[in-house]
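Take a walk through this protein, starting from the inside. Keep the sequence beside the picture as you read.

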Amino acid sequence: MQSFHIIILTACWTMVAVQSFSQSHRVIGHARKRQSNPTTKLSGSNDRNIQLIYGMGGKNLSQRWIELVSDGHVTATTVLSDDECDDKGLHVRYGVRLEEGQSQQKPSQQPRLLEFLETLSHQEEEGHDNSLFLSINGTLTEMQQLASNEQNGNASSQNKNGLAIQCIDEGPYAAQLQLVRTLRPPRSKDMSSNTNEKASCQPPPYDSSNDSFLVGPLRLFGHGEFHGDGQPRERAAQLLVPRDGNIVNDESSSTDDHAFASWDVFHNISPVDPRGHYLILPALSNKSEWRDQSLNTNDCYDVTYLASTIEPPGTMALSFNSVGAGASQNHIHCHAWVCPPPPLLCREDTTEHSYAVTKALSTTTHHLARGVTVSLLEYPCTCIKLSAPVLQTDRVNPVLKEMGDALSKIVQIAQKMQAPHNVAWTTRPLKKDNTQNSQSKNIVTIDTYVFFRKAETTDKIESVFRLGASEMLGVFHSSSQEQLESLSSNMDNILSDVSWEPRKSVWKDVCEALDIQSNNESGR
């Protein structure tokens, strides 16, 4: 059953508002102010309390996000223009900012995380066409007022504290109207296709001089000469992954390459969720890690280990998009964002705050020696699931090692097939050992999903629609009101449209590869 919602997200230490609008990034579409839909449902904030505390690798990333937003780092600029190559359009700034509550009657009101869009100067006085900008903010104002009125139970309320996100909730799937993110920096030109024809995960030749993570105004690393003028993006955190039996603690150092793998964490300037969205990638200070967007064996283990350190379990999801499956930049990187995502929070039943793929049944399962199960899922897109309960620990774990090795072999199958693929890691608590107080005594279940695809885009809707890991999991991000409406009753068809088939041949290859691995493990 499909329904529309406007929802408000609140938290114990921050009210989070996701704002949506109709827009175009340089190439202007016919943006229009959204008309109120009689089927739209408004959900109030009184029952939307979310404990927004999350971290990974022992780092408090929720607090770090607040610091980055407060210091004005989660912002970027672009040009709204008719011509993609025209820099003479309306220059705007967008991103996430922190605002205090405006109500004088509620001095204890917590700060809010808000998406915003603003002009960089009084360009409307210089003859620039600002109709698109006005349309965007008109849509923002309308949606915010709808949510504000519902929150206060007064249709004439002038309180601006209720801000909203429009979404569709349809069976296990959900979609949200999220247009601020469409203003993000352009994709590398050689990274994707605009057609639904069979795509390839083979990255283009890596060239560090064209790597936007290393060169240019939005880079993550380096200063001057090769990298460019100005300061790089501020690193949010550095995470260590233990190797060869070493232990991660306060004395651990990233300088010993043999003892630990070091991963950098940077904020995403165009987050899918204003509560937090990070990029994680092998340490940029190590030039040997300047490489293309493809997972190797170490990556598969490292990210699996990092997923096991998510705290509290289930509060973040990690993901990887290959070339031809949503990746926009050709430098090895993964994503980390807050869970559950905003569209799933509109569901009254808190047990339904999980991704669609987590509800999929297994058609067949393969068991590995140390506790990892590998399954072919009954899901619209071909998906292999790896799952195992693991002890959260600060050292190498044999179950994590088995899962990382199995994941690497499955990814290698996709790479050999040149099949575009997405990988997603989620966690959920299993049990708590009450006799221990240490965090390392938490047992969590890690679920890793590998999606095999034939295409990056779908022709099931009129406009170009690229699918990344979030869509594969079951949460879609639309770039216009029309696109959101076209997703209605269509999301499962879209997933089927990009699926690599026949899936039985994929499963056969997976079983053969993992049987070889299992035999090797047993012989050790």
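Begin with the largest nonpolar core of this predicted model. This core has 66 residues. Tyr278, Leu318, Val374 and Phe452 have the most contacts inside it. Helix H4, residues 398-417, gives the core its largest share, 9 residues.

Now step back to the whole chain. The protein chain has 8 helices and 23 strands. Of its 524 residues, 57% are buried. Take the contacts between residues at least 6 apart in sequence: 70% of them join residues at least 24 apart. The chain exposes about 22,000 Å², and carbon and sulfur atoms supply 47% of that area.

Next, look at the aromatic rings. How many aromatic pairs does a search of the whole structure find? It finds 7. One of them joins Trp65 and Tyr278 edge-to-face, with 5.4 Å from centre to centre and 75° between the planes. This pair links distant parts of the chain. Trp65 sits in helix H1 (residues 61-70), Tyr278 sits in strand S15 (residues 277-282), and the two are 213 residues apart. Both Trp65 and Tyr278 are buried.

Phe465 and Phe476 make a pair of another kind. Their ring centres are 6.1 Å apart and their planes meet at 20°, so the pair is stacked; the cut-off for stacking is under 30 degrees. Phe465 lies in the loop between strand S22 (442-452) and helix H5 (469-473), while Phe476 lies in strand S23 (residues 475-478), so the pair ties together parts 11 residues apart in sequence. Phe465 has 2% relative accessibility, so it counts as buried. Phe476 is buried too, at 0%. Elsewhere, ring pairs link Phe221, Phe226 and Trp290 into a cluster.

Finish at Thr297. This residue lies in helix H3, residues 297-308. Is Thr297 buried, exposed or partly exposed? Its relative accessible area is 37%, so Thr297 is partly exposed. Beyond residues up to four places away in sequence, Thr297 touches Ser408 and Gln412. Thr297 and Leu407 are 110 residues apart in sequence, yet their C-alpha atoms are 8.3 Å apart in space.

Technical notes: Residues numbered from 1 in each chain as written. Predicted model: local features only at pLDDT ≥ 70, side-chain atom pairs only at ≥ 80, totals over all residues. Heavy atoms only, no water. Helix = DSSP H or I, 4+ residues; strand = E, 2+ residues; numbered from the N terminus. Buried < 20%, exposed > 50% of the residue type's maximum accessible area, 1.4 Å probe, protein only. Contact = heavy atoms within 4.5 Å. Areas by Shrake-Rupley, 256 points an atom, 1.4 Å probe, with all protein chains shown as cover. Core = buried A, V, L, I, M, F, W, Y, C linked by side-chain atoms within 4.5 Å. Phe/Tyr/Trp six-rings, centres within 6.5 Å; stacked < 30°, edge-to-face > 60°.
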